[in-house]
Amino acid sequence: MNDLKQFQNGVNEDGEVVIPFIGGLTYPVRQIDGHIKGFLWLTFVAALFNVVISSFLGRNFLCGLGIEGPGFYCSANVLALGGSVLAFIGGLAWYINRWYSISESGGGVVYKLNLKDVKTVGFILFYLGLWAVAGWAAYSLNIRKPVEDWREELLFFFVFTMIILAVFVLLVNSVLFIRFLQGKKWLNLSCSFWPVFDNLYKILGWFLFYFLVFAYFFRSVTVFWVQNEWFPFWVNSLAGEFCFYFVIYASVAVFISSLAYQAKYIFGNRMQK
């Protein structure tokens with residue numbers, strides 16, 4: 001069945017958005033298969049960029065495992081760590097915009113950075129900040145010692161619980177990121193809240209499935225290049241780094257395509273501008 005027809009018919013008799021589970025599970029794979037050349041080249045370029053930066057700064061993934069050898073070095077410098085993280089986030093923003101353009105609009109790979117990439121970096125940092133806020137709030141609730149005044153205790157518990165719930169709502173509604181990539185008003189919880197929660201078990205099912213798939217790939221890559229004795233150590237380190245980032249970016253492509261699939265049902269049926 002044509003995808004567009006499915007999207008137009010994705011509302012049941014009660015007006016609830018119904019996202020097909022199998023369609024959502026296979027959509028990222030179908031998108032990659034339909035744009036395989038663009039996917040492979042884009043992921044290759046992004047992974048290679050991060051390999052060069054991380055190796056130059058001494059932040060190879062083997063360093064995180066405490067493995068050192070001839071041919072490369074590990075650095076504990078804070079600036080090197082910060083530089084490698086910023087380079088990764090920048091590369092991630094560049095990759096997300098190009099993959100969305102290729103897979104959803106049929107565009108080509110534009111190598112030059114633009115203002116949208118800078119905004120995407122800010123959006124990624126915003127969502128990372130949400131995780132940090134949720135973690136801080138949960139940690140604060142856990143370590144806080146009770147006080148005798150029950151009103152103060154109740155107020156503290158209520159405020160921090162509301163913080164956690166608000167962050168949780170924004171994180172679950174990650175489909176709003178697609179609105180951002182489309183250049184539209186993205187903070188539109190009134191449109192996405194109930195459709196997302198009506199289909200939450202499906203969304204979590206997709207996430208769990210692909211999480212297990214890519215966790216297996218991550219483990220396989222790590223074990224292979226750490227234990228490999230066929231090549232010199234520096235070859236293992238660079239090849240392992242490349243495969244590591246390739247899997248990361250491939251998982252990002254799947255995640256973005258999954259969000260795009262959700263967005264076509266959630267926002268497509270509402271004729272949002």
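Helix H7, which covers residues 150–172, contains 23 residues and reaches 32 Å from its first C-alpha to its last, close to the 33 Å expected at 1.5 Å a residue. The buried residues of H7 are Phe160, Val167, Val169, Leu170, Leu171 and Val172. These values, like the others below, come from a predicted model.

In the protein as a whole there are 11 helices and zero strands, and reading along the sequence gives the pattern α-α-α-α-α-α-α-α-α-α-α. Of the 273 residues in the protein, 38% are buried.

With 14 residues (21–34), helix H2 reaches 20 Å from its first C-alpha to its last, close to the 20 Å expected at 1.5 Å a residue.

Attention now turns to the charged pairs. A search of the whole structure finds two salt bridges. In one of them, the side chains of arginine 98 and aspartate 117 meet with an N to O distance of 2.5 Å. This pair links distant parts of the chain, with arginine 98 in helix H5 (residues 78–105) and aspartate 117 in helix H6 (residues 115–143), 19 residues apart. Both arginine 98 and aspartate 117 are buried.

The salt bridge between glutamate 104 and lysine 264 has its closest N and O atoms 2.7 Å apart. Glutamate 104 lies in helix H5 and lysine 264 in helix H11 (residues 233–266), so this pair ties together parts that are 160 residues apart in sequence. Lysine 264 counts as partly exposed because its relative accessibility is 27%, a value that falls between the 20% and 50% cut-offs.

Helix H5 also holds asparagine 97 and leucine 92. Asparagine 97 has a relative accessibility of 8% and therefore counts as buried. The side chain of asparagine 97 makes a polar contact with the side chain of threonine 120, at 3.0 Å. Leucine 92 is likewise buried, with a relative accessible area of 12%. Between the C-alpha atoms of leucine 92 and threonine 120 the separation is 8.9 Å, although these residues are 28 residues apart along the chain.

One of its members, tyrosine 111, lies in the loop between H5 and H6. At 47% relative accessibility, tyrosine 111 counts as partly exposed, because a residue is called exposed when its relative accessible area is over 50%. The loop that carries tyrosine 111 lies between H5 and H6, the helices that hold arginine 98 and aspartate 117.

Notes: Residues are numbered from 1 along each chain as its sequence is written. This is a predicted model: local features need pLDDT of at least 70, side-chain atom pairs count only at pLDDT 80 or more; totals for chains, interfaces and linings use all residues. Side-chain values use heavy atoms; hydrogens and water are left out. A salt bridge is a side-chain nitrogen of Lys or Arg within 4 Å of a carboxyl oxygen of Asp or Glu. Helices (H or I, at least four residues) and strands (E, at least two) are DSSP runs, numbered from the N terminus. Buried means under 20% relative accessible area, exposed over 50%, partly exposed in between (1.4 Å probe, protein chains only). The expected span of a helix is 1.5 Å times one less than its number of residues. A polar contact is a pair of N or O atoms within 3.5 Å; within protein, one must be able to donate a hydrogen and the other to accept it, and residues adjacent in sequence count only if both atoms are side-chain atoms.
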